[in-house]
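Keep the picture open while you read.

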Amino acid sequence: MLQGIAFYLLSTVAVVAGLLVVTAKNPVHSVLWLILAFFSSAGLFVLLGAEFLAMLLIVVYVGAVAVLFLFVVMMLDVDFLRLREGFAQYLPLAVIVAGVLLAEMVMISLTVVNRGAAADAASPMVATADASNVETIGRVLYTDYVYFFQAAGIVLLIAMIGAIVLTLRHKPHIKRQKVADQVGRDAKTAMEVKSVTTGAGVTPEDLV
């Protein structure tokens with residue numbers, strides 16, 4: 001009973017939040033509704049016993065992707081009113097694309113309900129009595145697919161470095177730290193001894 005109430009509550013919140021993502025006028029509000037949809041979907045994964053997918057949804061999508069979207073939207077000075085101009089002329093094409101996507105989703109749903117081509121496939125691996133779902137997925141990921149996992153990490157690292165290189169802009173009037181010059185200093189260049197007359201005090205010229 002309690003599980004059914006949680007399912008209908010989370011699914012309703014996810015659907016409503018998804019609709020508000022595409023209907024909200026403020027892009028910041030759209031990102032916040034997207035985060036709510038992610039959280040609700042993670043709750044549905046927990047109800048299905050897929051704790052690993054729920055954790056990925058929270059850590060990756062909410063903790064990284066959605067927050068990145070929020071920062072980008074808040075930092076960029078985008079004229080959204082100008083972007084919305086001419087919306088009516090693209091409406092027929094949008095309706096056609098939405099209809100095709102709806103037909104595909106209905107077709108896939110009917111195939112799954114009627115046990116389609118994947119009906120005779122092997123059942124997915126389930127967690128044993130002494131291992132959770134996260135531990136089972138981790139064993140497979142870091143044994144059978146460890147090279148693919150490392151390759152994906154290298155691709156993401158290269159993409160991150162490329163994004164930094166493409167967006168980095170050097171400004172000429174900004175003082176920057178030169179680590180090589182600091183490390184290569186010696187006593188002759190790092191320190192200078194001044195001869196000061198006793199009792200005469202120090203003038204500003206002596207400090208230069």
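Let's start with contacts: in the protein chain, 48% of the contacts with a separation of 6 or more come from residues 24 or more positions apart. Keep in mind that this is a predicted model.

**The whole chain**
- Read from the N terminus, the order of elements is α-α-α-α-α-α-α-α-α-α.
- The protein chain has 208 residues, and 11% of them count as buried.

**How H1 and H2 pack**
- Helix H1 covers residues 2-23 and helix H2 covers residues 27-47; their axes come within 8 Å and cross at roughly 155 degrees.
- That angle is over 145 degrees, so H1 counts as roughly antiparallel to H2.
- The crossing of H1 past H2 is left-handed.
- On the H1 side, the residues making the contact include Phe7, Leu10, Ala14 and Leu20. On the H2 side, they include Trp33, Leu36, Gly43 and Leu47.
- What kinds of residues make up this contact of H1 with H2? There are 14 nonpolar and 7 polar ones, and no charged ones.

**A closer look at H2**
- H2 has 21 residues, and at 1.5 Å a residue they should span 30 Å; the C-alpha atoms at its ends are 31 Å apart, so the two values agree.
- Which residues of H2 are buried? They are Ser30, Val31, Ile35, Ala37, Phe38, Ser40, Ala42, Gly43 and Leu44.
- Here's a handy bit of background: an α-helix has 3.6 residues a turn, so residues three or four places apart point the same way.
- After H2 comes Gly49, which has a positive phi, near 85 degrees.

**Val31, a buried residue in H2**
- Val31 sits in helix H2.
- Its relative accessible area is 7%, and buried means under 20%, so Val31 is buried.
- Leaving out residues up to four places away in sequence, Val31 touches Ala66, Phe69, Leu70 and Val73.
- Take Val73 from that list: Val31 and Val73 are 42 residues apart along the chain, while their C-alpha atoms are separated by 8.7 Å.

**Gly43, another one to find**
- Gly43 is also part of helix H2.
- Is Gly43 buried or exposed? Gly43 is buried, because its relative accessible area is 16% and the cut-off is under 20%.
- Gly43 and Ala14 both belong to the contact between H1 and H2. They lie 29 residues apart in sequence, and 9.8 Å apart in space from C-alpha to C-alpha.

Key. Residues are numbered from 1 along each chain as its sequence is written. This is a predicted model: local features need pLDDT of at least 70, side-chain atom pairs count only at pLDDT 80 or more; totals for chains, interfaces and linings use all residues. Side-chain values use heavy atoms; hydrogens and water are left out. Axes are lines fitted to C-alpha atoms, for helices over the stretch in contact, and angles run from 0 to 180 degrees between N-to-C directions. Helices (H or I, at least four residues) and strands (E, at least two) are DSSP runs, numbered from the N terminus. Angles under 35 degrees count as roughly parallel, over 145 as roughly antiparallel, 65 to 115 as roughly perpendicular and the rest as oblique. A crossing is left-handed if the near helix is turned anticlockwise from the far one by less than a right angle, and right-handed if clockwise. Contact means heavy atoms within 4.5 Å. Ala, Val, Leu, Ile, Met, Phe, Trp, Tyr, Cys and Pro count as nonpolar, Asp, Glu, Lys and Arg as charged, and the others, Gly among them, as polar. The expected span of a helix is 1.5 Å times one less than its number of residues. Buried means under 20% relative accessible area, exposed over 50%, partly exposed in between (1.4 Å probe, protein chains only).
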